[in-house]
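User: Could you walk me through the helix packing and the aromatic residues here, and explain the terms as we go?

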Amino acid sequence: MDPGNILKIETLDDGWRDKDSIMLHACFQLLSDCINKEELLSGHTDWEADEKHRAAKSEIEELYVWWQSYKERDIPDDDGYEEETKMLLRLIHIRWALWT
């Protein structure tokens, strides 16, 4: 088991980043780790237990697919920043379901 106080963000290099960018990458790294390393979607959670769990699973899958296809822009713009913030908020709303 890895230490809980270290997060390796695979999508970032060693270069400088502003904290808003790090926050985006860190949150989606946590989602990716939960799915890939902790087997969130095939583990102990009964995703068919009720509508809340079914909706959470669907949201988790959509967010994961979005992140896997995410392409960072060389020059940030308002539309891209707005979309990233929207996806971060969606992730925060289902954080209750990210336990294994």
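Analyst: Happy to; here is how the labels follow from the values. This is a predicted model, where local features need pLDDT of at least 70, side-chain atom pairs count only at pLDDT 80 or more, and totals for chains, interfaces and linings use all residues. Residues are numbered from 1 along each chain as its sequence is written, and side-chain values use heavy atoms, with hydrogens and water left out.

User: Why is α1 called oblique to α2?

Analyst: Helix α1 (residues 19–36) and helix α2 (residues 51–68) pack at an angle of about 120°, their axes 10 Å apart. Angles under 35 degrees count as roughly parallel, over 145 as roughly antiparallel, 65 to 115 as roughly perpendicular and the rest as oblique, so α1 is oblique to α2. The crossing of α1 and α2 is left-handed.

User: Which residues make that contact?

Analyst: Contact means heavy atoms within 4.5 Å. From α1 come L24, H25, F28, L31, S32, I35 and N36, and from α2 I60, L63, Y64, W66, W67 and Q68. By class, the contact of α1 with α2 has nine nonpolar, four polar and no charged residues.

User: And what meets what between α2 and α3?

Analyst: The axes of α2 and helix α3 (residues 78–93) come within 10 Å and cross at roughly 145°. E59, E62, L63 and W66 in α2 meet E83, E84, M87, R90 and L91 in α3. The residues of this contact divide into four nonpolar, no polar and five charged.

User: Why does E59 count as buried?

Analyst: Buried means under 20% relative accessible area, exposed over 50%, and partly exposed in between (1.4 Å probe, protein chains only). E59 has 17% relative accessibility, so E59 counts as buried. This residue of helix α2 touches R90 and I94, not counting residues up to four places away in sequence.

User: What makes W66 and W67 a tilted aromatic pair?

Analyst: Rings of Phe, Tyr and Trp (its six-membered ring) pair if their centres lie within 6.5 Å; planes under 30 degrees apart count as stacked, over 60 as edge-to-face and the rest as tilted. W66 and W67 are 5.9 Å centre to centre with 45° between the planes, hence a tilted pair. W66 and Y70 are also tilted, at 5.2 Å centre to centre and 55° between the planes. W66 and Y70 are both buried, and W67 is buried as well.

User: How many aromatic pairs does a search of the whole structure find?

Analyst: The search finds five aromatic pairs. Ring pairs link F28, W66, W67 and Y70 into a cluster.

Technical notes
Axes are lines fitted to C-alpha atoms, for helices over the stretch in contact, and angles run from 0 to 180 degrees between N-to-C directions. Helices (H or I, at least four residues) and strands (E, at least two) are DSSP runs, numbered from the N terminus. A crossing is left-handed if the near helix is turned anticlockwise from the far one by less than a right angle, and right-handed if clockwise. Ala, Val, Leu, Ile, Met, Phe, Trp, Tyr, Cys and Pro count as nonpolar, Asp, Glu, Lys and Arg as charged, and the others, Gly among them, as polar.
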